[in-house]
Amino acid sequence: MIEKLNTLIFKKIILKADNRMLDINFIKNNRDLVKQGAQNKGESDLSVIDQVLEKDEAWRGLVHEVDKLRNESNTKAKQIGVLMGQGKKEEAQAIINETSNLKEEVKKLDEQLKAVAEEREKLLLRIPNVPHPSVPVGLTENENVVHATWGEPNKEEWRKPHWEIVERYGWVDFERGVKVTGAGFPFYVGPVAQLQRALINYFINEAVKAGYTELQAPYFVNEDSAKGTGQIPDKEDMMYVIQRDELFAIPTAEVPVTNFHRDEILSEKELPVKYVCYTPCWRREAGSYGKDVRGLNRLHQFDKVELVKIVQPETSYDELESLREHAEGLLQALELPYRTLLMCTGDMGFTQSKKYDLEVWSPGQQRWLEVSSCSNFESFQARRMQLRYRKGEKGIEIAHTLNGSGLALPRVVSAILEAYQEENAKVRVPEVLKLFMGRDYL
């Protein structure tokens, strides 16, 4: 059974495949492994894996037939010149007619070839990334593993949830947001608007200190970009669509920033490439009710600072750990207790090979709230967007991509409001943000 496959053997398969993760040849040579990975991620229709291999076989058969007919046509074309030189015009005309028929047949086969290739591509896009062997197998959030914790969660009963704090001071206006746009699009007012701006500046500054290059990215992307990072086909229902212009509002800066080098070949000396980018993000969240959506817990528009890495395959898991440590360091500097989860196969997503979630403690709600996801996609995204690098004299290789939230703003803001509130109802400013805000209290 694949699920009993020895971890060491699994690693050898992955390393041997190197940058060929979910390449058609990798799927062909590791059909059971890909099926088990898809099943572990909660995919119910595994027939797509067999279908893509059938389409590939049909495509290869057509390629062979087209090559055969073209060779035959080329051979006959050479005969025409010889016959014409010998004055055998009738025989030459007969071969001209034959080559004309062959060309027409090749044209029809080329059309079939294109159609089969497109069908194969659509099927390939539906196959999820294979989880790394260190990822726990499970289908629900209950099977995620606590990787680390930091700080002592505050459980004082007098602490208020953030929505009561902002309502008292008028710092977030949900009602006017509903009037202007709809639910999930709040206005930030005065001190909380300044707090958000301070957090964005602080997060970007810390990333730049750590060697990231700051980008300002487009807020809308085309379909090719959405496909490149795996939002399509997978998360179409979560994205806002600008139908008239065939664009998508970004669900995260991951999409435009990772696509920055789409269809490019980087030099090995350029790697690792590290970018930090602040953007607003838009998501059509659905299916959550009650306390899950109260206040700033779940919004349709929110702000986030994103970290993106493009690296060599052999370093990508070390880069994932450093990415996680950077995001954790931000929470430590803000003195907000948190825990880090290693996500199980069924809860980590379609595109990821390994993923950590960082959850901050909300003392006003007495619960953990996700503020960052740090993911390694291996070559899954890079292969889709043909993001490559030149590896010495060995030729062109597919890069590995990673990203992480550094950090998502709404729940960090709510955690600060709840953790830094005092019994007299004032809210202190975290020490690392005082330089940006120029005040001790909100």
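Buried here means under 20% relative accessible area, exposed means over 50%, and partly exposed is whatever falls in between (1.4 Å probe, protein chains only). Helices (H or I, at least four residues) and strands (E, at least two) are DSSP runs, numbered from the N terminus. The structure is a predicted model, where local features need pLDDT of at least 70 and side-chain atom pairs count only at pLDDT 80 or more, while totals for chains, interfaces and linings use all residues. Residues are numbered from 1 along each chain as its sequence is written, and side-chain values use heavy atoms, with hydrogens and water left out.

First, the chain as a whole. The predictor's confidence in each residue is given as pLDDT, on a scale from 0 to 100; the chain averages 89, and 90% of the residues score at least 70. Residues 1-21 are another matter, with pLDDT below 50, although this stretch has 37 contacts in the model beyond near neighbours in sequence. A contact means heavy atoms within 4.5 Å. The chain holds 14 helices and 16 strands, and 49% of its 442 residues count as buried. Of the contacts between residues at least 6 apart in sequence, 73% join residues at least 24 apart. The accessible surface, from the Shrake-Rupley method with a 1.4 Å probe (for residues, only the protein chains shown count as cover), comes to about 22000 Å², and 47% of that belongs to carbon and sulfur atoms.

Helix 6 makes a handy place to start looking around. This helix spans residues 162-169, and H162, W163, I165 and V166 are buried in it. Seen down the axis of helix 6, the buried residues fall within an arc of 160°, so they line one face of the helix. That arc is taken over the directions from the helix axis to the C-beta atoms. In general, an α-helix has 3.6 residues a turn, so residues three or four places apart point the same way. On the face of helix 6 turned away from the buried side sit the exposed residues E167 and R168. What do the buried residues of helix 6 pack against? Their partners are strand 2 (172-173), helix 7 (174-180) and helix 13 (409-419). Just after helix 6, G170 takes a positive phi of about 70°.

Next come the charged pairs. A salt bridge is counted when a side-chain nitrogen of Lys or Arg lies within 4 Å of a carboxyl oxygen of Asp or Glu, and by this rule there are 25. One of them joins the side chains of D23 and R383 (3.8 Å, N to O). D23 lies in the loop between helix 1 (7-17) and helix 2 (24-29), and R383 in helix 12 (residues 380-385), so the pair ties together parts that are 360 residues apart in sequence. D23 is buried, at a relative accessible area of 13%. Another salt bridge brings together the side chains of K35 and D50 (3.0 Å, N to O). Here K35 belongs to helix 3 (residues 31-40) and D50 to helix 4 (residues 47-85), so the parts tied together are 15 residues apart in sequence. D50 is partly exposed, with a relative accessible area of 22%. E314 and K391 also meet through their side chains in a salt bridge (3.2 Å, N to O). E314 lies in the loop between strand 10 (301-311) and helix 11 (316-333) and K391 in the loop between strand 14 (388-390) and strand 15 (396-398), so this pair ties together parts 77 residues apart in sequence. K391 counts as buried, at 17% relative accessibility. Beyond such pairs, K28, D56, R60 and R120 are linked in a network of salt bridges.

L199, in helix 8 (residues 191-209), has 0% relative accessibility and counts as buried. Leaving out residues up to four places away in sequence, L199 touches L334, L409, V412, V413, I416 and L433. L199 and K304 are 105 residues apart in sequence and 9.8 Å apart in space, C-alpha to C-alpha. H300 is found in the loop between strand 9 (273-282) and strand 10, and is buried too, with a relative accessible area of 17%.
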